[in-house]
Structure formats: C-alpha cells, structure tokens
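Trainee: I would like to learn how to read a model like this one. Can we go through it feature by feature?

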Amino acid sequence: MTDHGSGTEDGDASAILIPLHEARRERLDQPVRFDRRELDQILRLYGRMVAANEWRDYAIDHLTDRAVFSVFRRTSEVPLFQIVKDPKLARRQGAFAVIAAGGRILKRGQELGRVLGVFERRLKLVEA
C-alpha cells in the first residue's frame with residue numbers, strides 16, 4: 001500500500017512556478033481575438049443583414065494588435081464595413097470601431113453593442 005500524502009500522484013505537478021514576466025510575454029505574443037459574447041453580438045447582426053439581403057460574406061482576422069470582422073457584399077470585393085477591436089485604444093477612444101469601405105470611422109466606443117447600433121435603422125417622420 002502506498003501513501004499519497006500530497007494528494008496528487010505527481011508530487012511536482014503542483015509545485016510548478018511560472019515567473020509573471022514570462023506569463024505576460026506569452027500573453028502579449030498571442031493575437032487579439034473577439035470573445036464569445038462579442039462574436040455572438042456580431043454574428044447576430046450579420047444574420048439579420050444577410051436575411052435583409054445586404055451582406056453576403058464575412059472574414060475574421062486575428063492580428064497581433066487588433067481583431068477585425070470584415071463584411072462583404074460579394075466575396076471578390078473590398079469589405080463594406082469592418083468591425084475592429086483594438087485593445088490599445090480602450091482607455092482613450094474605445095476598443096471597438098465600425099469602419100466604412102472608404103476608411104471613414106462611423107462609430108467608436110467602449111461597448112460593442114452601442115458601436116453596432118450604427119447599423120440599426122431609425123424611423124424618420126416624413127410629411128406628405
């Protein structure tokens with residue numbers, strides 16, 4: 001009969017220490033990504049726009065400094081819009097932005113839901 005006083009079969013498994021500067025460096029080397037909730041909001045909007053026959057294709061790019069969700073009318077064209085997540089701008093202008101095809105920033109902000117509000121259609125009063 002063997003005695004496992006440490007509670008684990010591998011006594012050294014719980015004694016692994018990772019220096020904090022190494023963990024931060026590994027985290028910084030990874031590309032920026034949309035998290036599950038952000039991607040859910042974006043894909044819900046994308047589904048509505050596909051149903052309205054305005055958008056047809058998309059691409060997701062995970063770069064070292066930002067994540068980009070590009071929307072296309074046709075696959076062979078330039079993107080109509082880009083939904084960008086740039087964490088470096090989070091404290092200044094906001095981490096999220098919607099950029100039009102010409103490069104014009106339509107909306108920028110801290111919360112993705114508000115930034116995506118630029119695609120919501122507003123009813124206007126028209127007098128006859």
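This is a predicted model: local features need pLDDT of at least 70, side-chain atom pairs count only at pLDDT 80 or more; totals for chains, interfaces and linings use all residues.

Trainee: Which strand pairs with strand 2, and over how many bridges?

Mentor: Strand 3, residues 81-85, pairs with strand 2, residues 67-72. The sense is antiparallel, over 5 bridges. Within that pairing, Val68 has Val84 as its bridge partner in strand 3.

Trainee: Next, the core. Which residues of the largest nonpolar core touch the most other members?

Mentor: General idea again: in soluble globular proteins, nonpolar side chains tend to be buried together. Here the largest nonpolar core has 19 residues. Ile42, Trp55, Phe69, Ile83 and Leu116 touch the most other members. At least two core residues come from each of helix 2, strand 2, strand 4 and helix 3 (112-116). Helix 2 gives the most, with 4 residues.

Trainee: What does Leu116 contact, leaving aside its neighbours within four places in sequence?

Mentor: Leu116 is in contact with Gln41, Ile42, Leu45 and Ile83. Two of those names, Ile42 and Ile83, are also on the list of core residues that touch the most other members.

Trainee: How many aromatic pairs does the structure hold?

Mentor: There are 7 aromatic pairs. To read one, check the distance between ring centres, then the angle between planes. Planes over 60 degrees apart count as edge-to-face, and those under 30 as stacked. Tyr46 and Phe69 have ring centres 6.3 Å apart and planes at 75°, so this pair is edge-to-face. Tyr46 lies in helix 2 and Phe69 in strand 2, so the pair ties together parts 23 residues apart in sequence.

Trainee: Is Phe69 buried or exposed?

Mentor: Buried, with a relative accessible area of 0%. Tyr46 is buried too, at 12%. Phe69 also forms an aromatic pair with Tyr58. That one is stacked: 5.0 Å centre to centre, with 10° between the planes. Tyr58 sits in strand 1 and Phe69 in strand 2, 11 residues apart. Tyr58 counts as partly exposed, because its relative accessibility is 36%.

Trainee: Which residues do ring pairs link into a cluster?

Mentor: Tyr46, Trp55, Tyr58, Phe69, Phe81 and Phe119.

Trainee: Now charge. How far from Asp86 is the nearest side chain of opposite charge?

Mentor: That side chain is Arg66, 5.8 Å away. A salt bridge needs a nitrogen-to-oxygen distance within 4 Å. Asp86 is buried yet has no salt bridge. Asp86 is found in the loop between strand 3 and strand 4. Not counting residues up to four places away in sequence, Asp86 touches Asp65, Arg66 and Ala95.

Trainee: One last item, backbone angles. What is the phi of Asn53?

Mentor: About 65°, a positive value, although Asn53 is not a glycine. Asn53 is found in the loop between helix 2 (36-51) and strand 1 (57-62). Asn53 counts as exposed because its relative accessible area is 52%.

Notes: Residues are numbered from 1 along each chain as its sequence is written. Side-chain values use heavy atoms; hydrogens and water are left out. Two strands pair if DSSP finds at least two bridges between them. Buried means under 20% relative accessible area, exposed over 50%, partly exposed in between (1.4 Å probe, protein chains only). A nonpolar core is a set of buried Ala, Val, Leu, Ile, Met, Phe, Trp, Tyr and Cys residues joined through side-chain atoms within 4.5 Å. Contact means heavy atoms within 4.5 Å. Rings of Phe, Tyr and Trp (its six-membered ring) pair if their centres lie within 6.5 Å; planes under 30 degrees apart count as stacked, over 60 as edge-to-face and the rest as tilted. Lys and Arg count as positive and Asp and Glu as negative; His and the chain ends are not counted.
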